[in-house]
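Subject: Handover of a model, with notes on its strands

Dear colleague,

Please find the structure below, together with the sequence.

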Amino acid sequence: MARRDLLLLTLAGRLLLLLLLEAWTGGHAADPSQPRLRLAHKELWNMNRTSVFHSPSGSLGLHVMLVDEYQDRLFIGGKNLIYSLSLDRVSENYREIHWPSSSQQVEECTIKGRSMEECANHICALHRYNRTHLLACGTGAFDPVCAFVRAGHQSE
């Protein structure tokens with residue numbers, strides 16, 4: 001796993017811990033622009049609150065993350081895919097959506113002199129649209145594309 005991917009997942013763990021602490025303390029802080037608590041990486045490991053997700057495809061190629069507290073999920077956008085991870089157990093019950101650039105987009109991109117790596121669909125924006133859908137946007141091989149992704153509970 002790439003060092004950057006591990007670092008981003010560790011940062012996601014820190015963000016989750018801070019969100020949990022905010023809920024526990026009722027969100028009261030003296031200065032809202034400053035974090036109420038700072039934890040070092042070693043402290044998180046010692047608390048046993050850090051989880052590592054190993055992508056089946058190797059490197060995640062992370063570009064963007066979105067925490068969805070309503071569904072207890074962490075959405076991660078990377079190269080040609082979006083992951084939906086459980087906040088409780090990131091390596092279990094995860095889902096992935098493959099969203100590569102179309103063959104036409106890749107062909108046009110390579111004709112313009114770009115490399116195959118650059119002609120991938122790098123997911124660069126994830127935004128909660130409503131309780132059941134996300135708005136996801138990617139580079140689409142230098143032909144930006146956005147789509148609504150169903151991310152809600154099955155009963156909704």
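Predicted model: local features only at pLDDT ≥ 70, side-chain atom pairs only at ≥ 80, totals over all residues.

Strands β1 and β2 run antiparallel and are joined by 5 bridges; two strands are taken to pair if DSSP finds at least two bridges between them, while helices (H or I, at least four residues) and strands (E, at least two) are DSSP runs numbered from the N terminus. Residues are numbered from 1 along each chain as its sequence is written, and side-chain values use heavy atoms, with hydrogens and water left out.

Within the pairing of β1 and β2, D68, which belongs to strand β1, stands opposite R73 of β2. D68 counts as buried because its relative accessibility is 4%; here buried means under 20% relative accessible area, exposed over 50%, and partly exposed in between, with a 1.4 Å probe and protein chains only. If neighbours within four places in sequence are set aside, the contacts of D68 are R73, F75, L87 and R128, where a contact means heavy atoms within 4.5 Å. In the loop between β1 and β2 lies D72, whose phi is near 55°, a positive value in a residue other than glycine. With a relative accessibility of 42%, D72 counts as partly exposed.

These two strands belong to an open sheet of 4 strands, in the order β1-β2-β3-β4 and with antiparallel pairing. Because β1 (64–68) and β4 stand at the edges and have a single partner strand each, one side of each is left without a neighbour in the sheet. On average, neighbouring strands of this sheet are turned by 15° against each other, direction ignored; the axes behind such angles are lines fitted to C-alpha atoms, for helices over the stretch in contact, and the angles run from 0 to 180 degrees between N-to-C directions.

Strand β3 deserves a paragraph to itself. Of its 6 residues (81–86), 6 are buried, and both faces are covered, with L81, Y83 and L85 buried on one side and I82, S84 and S86 buried on the other. As background, the side chains of a regular strand alternate between the two faces of the sheet. Towards strand β2 (residues 73–77), β3 pairs in the antiparallel sense over 5 bridges, and I82 in β3 has G77 opposite. The hairpin of β2 and β3 has 3 residues between the strands, and in this hairpin N80 takes a positive phi near 65°. Towards strand β4 (residues 95–98), β3 again pairs in the antiparallel sense, over 4 bridges, and here L81 stands opposite H98 of β4.

The other sheet to mention is an open one of 3 strands, ordered β5-β6-β7 and with antiparallel pairing. Strands β5 and β6 are paired in the antiparallel sense over 5 bridges, with I123 opposite G138 of β6.

Which residue sits in the loop between β6 (133–138) and β7 (145–150)? F142 is found there, and its phi, near 65°, is a positive value in a residue other than glycine. F142 counts as partly exposed, with a relative accessibility of 46%. The charged end of R114 sits over the ring of F142, at 4.0 Å from its centre; the criterion is that NZ of Lys or CZ of Arg lies within 6 Å of the ring centre and within 35 degrees of the ring normal.

For the chain as a whole, the secondary structure comes to 3 helices and 7 strands, and the elements run α-α-β-β-β-β-α-β-β-β from the N terminus on. Of the 156 residues in the chain, 34% are buried. Among the contacts with a separation of 6 or more, 43% are between residues 24 or more positions apart. The chain exposes about 9900 Å², of which carbon and sulfur atoms supply 54%, with accessible areas taken from the Shrake-Rupley method with a 1.4 Å probe and, for residues, only the protein chains shown counting as cover.

With best regards
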